[in-house]
Amino acid sequence: MNLATLLASDLPYWAQSLLRVLGGLVAVLLPAGTVVYLFLFKMMSFMQSRLGPMEAGPQGSMQLFAEVGKWLQKEDIYPARADKFIFKLAPLIVLASTFLLVVVVPFGPDALFTDFESGVFYALAVSSVSVLGILIAGWASANKYSLLGGLRAAGQLIAYELPMVLAVVGVVIQAGTMNLQQIVVAQNAGSMFGFSSLGNPYVLTQFVGFIVFMIAVQAELTQTPFDMPIAESELVSGYMTEYSGFRFLIFFIGEFATAGVFSMIASVLFLGGWAVPFSWFGWTSIDSIDNWMNVVGPLILFTKMLAVVFFIMWVRFSYPRFREDQLQKFAWKVLIPVSLANIMVTAILKVAF
Amino acid sequence: MMFASDVLVAQNIGFAIIAAIMVIGALRVVTTSNVVHAALWLVVVLAGAAAQYVLLAAEFVAITQVLVYIGAVMVLFLFGTMLTRARIGAESDLNNKNWFFGIPVAVALFVAMAIALDSGFGSQKMPANPSVATTQQISDQIFGPYLLPFWALSFVLLAAVVGAIVLARRD
């Protein structure tokens with residue numbers, strides 16, 4: 001993905017925009033496909049002592065294309081009493097929120113869609129838009145299980161958005177900026193106690209924030225300990241009950257693409273993002289980074305993303321579901337106080353040093 | 001050229017398109033016969049306001065608009081209506097019979113705000129290449145000259161929180 005060197009040259013505006021759109025598609029669909037194949041198909045199967053898909057392609061690696069082909073062929077069904085326009089609109093809102101989210105993720109020194117001054121804040125804001133899509137998906141289906149799923153989802157996503165925002169504040173205080181690219185630079189140009197060969201990834205200093213952030217991400221993605229909204233033993237499939245074929249595919253892509261994008265944001269905020277510690281190659285600032293990092297950087301970020309998704313999926317396949325009251329209590333009585341304490345400690349240490 | 005050289009043509013066209021969408025959305029909020037549709041039209045209006053802030057190079061305010069109004073207020077609003085009464089299809093009894101009192105209130109509010117904005121900012125112009133206000137500048141303003149209004153607003157929020165607790169606790 002040598003997007004940046006292309007964009008840096010004198011391309012007309014329409015060509016730059018086209019490249020950005022294509023880059024966005026790659027940045028959303030590639031992680032989604034990889035996550036579904038590697039973790040949902042293969043890792044889940046191995047954890048359950050089975051092989052998983054084996055027929056389509058080597059080791060079943062083409063299975064996802066077969067599934068997509070199957071979904072696309074299905075009849076476009078909606079319930080007779082559904083609110084048709086909103087029923088069709090809802091999955092698009094969820095997917096749009098994912099695409100809006102990916103534009104602030106930096107992939108390399110120049111490989112970025114936009115160098116956004118308040119990038120973290122933007123990411124948290126647009127990720128909350130998907131709640132709207134889920135809520136109206138549940139309502140428009142004209143099905144009480146769907147509606148219950150939608151309401152549960154809204155309650156859960158609102159409750160876990162707060163600890164997520166508060167966990168990020170610690171990183172923002174430490175980096176002194178809300179620009180994701182600057183946060184990457186601050187981590188890799190920094191040093192710990194004068195020891196600079198590791199940089200200063202915030203997962204070490206902001207470990208509490210990282211744990212809170214990852215729990216909140218798990219809940220925002222409605223992955224298993226937090227999958228009350230789609231609890232299959234009570235609600236059939238929650239807000240997705242009435243969706244089939246192409247529209248279900250959009251929800252499905254949205255779920256795993258958002259998992260990928262959130263993991264990229266977690267890597268950028270806590271694990272050093274696309275960069276390696278600058279002292280390895282004698283770089284001093286973002287301007288002195290060699291151009292090949294625009295190619296290697298996305299690969300490094302992708303690897304870190306896979307590692308983060310691995311943990312999300314590991315938890316998903318291992319733990320039973322929270323009850324609704326446990327879920328709300330955990331957010332309001334544990335995560336929010338912990339992250340507030342983290343902010344206070346970080347702020348005090350920032351001023352002290 | 002039919003415009004003076006200091007008129008920002010692209011910004012004005014953008015403003016007009018977004019403003020037209022907002023006006024249509026606002027009218028549909030009060031004319032549609034379904035509560036959830038009304039709420040969704042309100043989302044269109046609020047998103048339009050966020051887009052106008054982007055045109056004014058106030059990205060922080062635009063993001064705050066999305067986070068607070070679309071991500072939180074409208075979601076709570078929809079949550080509340082769906083929990084209590086949100087049927088699919090048209091409802092006939094949504095209009096209050098005193099609805100026309102709203103018109104003079106709306107007109108008075110519009111005139112008051114128009115006068116206030118015109119007397120406050122009427123002579124100012126957008127620069128051709130506006131510099132985006134950084135988050136730091138905004139926080140310097142809020143925690144500097146506007147600290148007292150900021151504190152006053154947080155007391156309003158505190159009062160709302162206390163009120164919510166009083167309503168929710170029945171002991």
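Which element of chain B has the lowest mean pLDDT, and which the highest? Then go to helix 7 of chain A: is helix 7 of chain A roughly parallel or antiparallel to helix 10 of chain A?

Modeller: Confidence comes before packing. This is a predicted model, where local features need pLDDT of at least 70, side-chain atom pairs count only at pLDDT 80 or more, and totals for chains, interfaces and linings use all residues. Residues are numbered from 1 along each chain as its sequence is written, while chains are lettered from A and ligands numbered from 1 in the order in which they are written.

In chain B, helix 5 (residues 135-142) has the lowest mean pLDDT, 83, among the elements, and helix 4 (residues 102-121) has the highest, 90. The score, pLDDT, is the predictor's confidence in each residue, from 0 to 100. Helices here are DSSP runs (H or I, at least four residues), as are strands (E, at least two), numbered from the N terminus. Chain B averages 83, with 95% of residues scoring at least 70. Chain A has a mean of 83, and 95% of its residues reach 70 or more. Among chain A's elements, helix 1 (residues 3-8) is lowest at 52, and helix 10 (residues 207-220) is highest at 89. Where pLDDT is low, the predicted coordinates should not be read in detail. For the whole model, ipTM is 0.79 and pTM is 0.85.

Now helix 7 of chain A, residues 144-175. Its axis and that of helix 10 of chain A come within 8 Å and cross at roughly 155 degrees. Axes are lines fitted to C-alpha atoms, for helices over the stretch in contact; angles run from 0 to 180 degrees between N-to-C directions. The two helices are therefore roughly antiparallel (under 35 degrees counts as roughly parallel, over 145 as roughly antiparallel, 65 to 115 as roughly perpendicular, the rest as oblique). The crossing is left-handed (the near helix is turned anticlockwise from the far one by less than a right angle; clockwise is right-handed). Helix 7 of chain A brings residues including Q156(A), Y160(A), M164(A) and V171(A) to this contact, and helix 10 of chain A brings residues including G209(A), F213(A) and E220(A). Contact means C-beta atoms, placed from the backbone, within 7 Å. By class, this contact has 11 nonpolar, three polar and one charged residue. Ala, Val, Leu, Ile, Met, Phe, Trp, Tyr, Cys and Pro count as nonpolar, Asp, Glu, Lys and Arg as charged, and the others, Gly among them, as polar.

Helix 6 of chain A (residues 129-140) also packs on helix 7 of chain A: their axes come within 7 Å and cross at roughly 160 degrees. This pair is therefore roughly antiparallel too, again in a left-handed crossing. Among the residues of helix 6 of chain A here are I134(A), G138(A) and W139(A); they belong to a contact with residues of helix 7 of chain A including G149(A), G150(A), L157(A) and I158(A). The class count is 11 nonpolar, four polar and no charged residues.

Next, the partner chain. In contact are 22 residues of chain A and 22 residues of chain B. Helix 5 (119-127), helix 6 and helix 7 of chain A each supply at least two residues of chain A's side. Helix 6 of chain A gives the most, six. That side has 17 nonpolar, two polar and three charged residues.

Notes. Contact = placed C-beta atoms within 7 Å.
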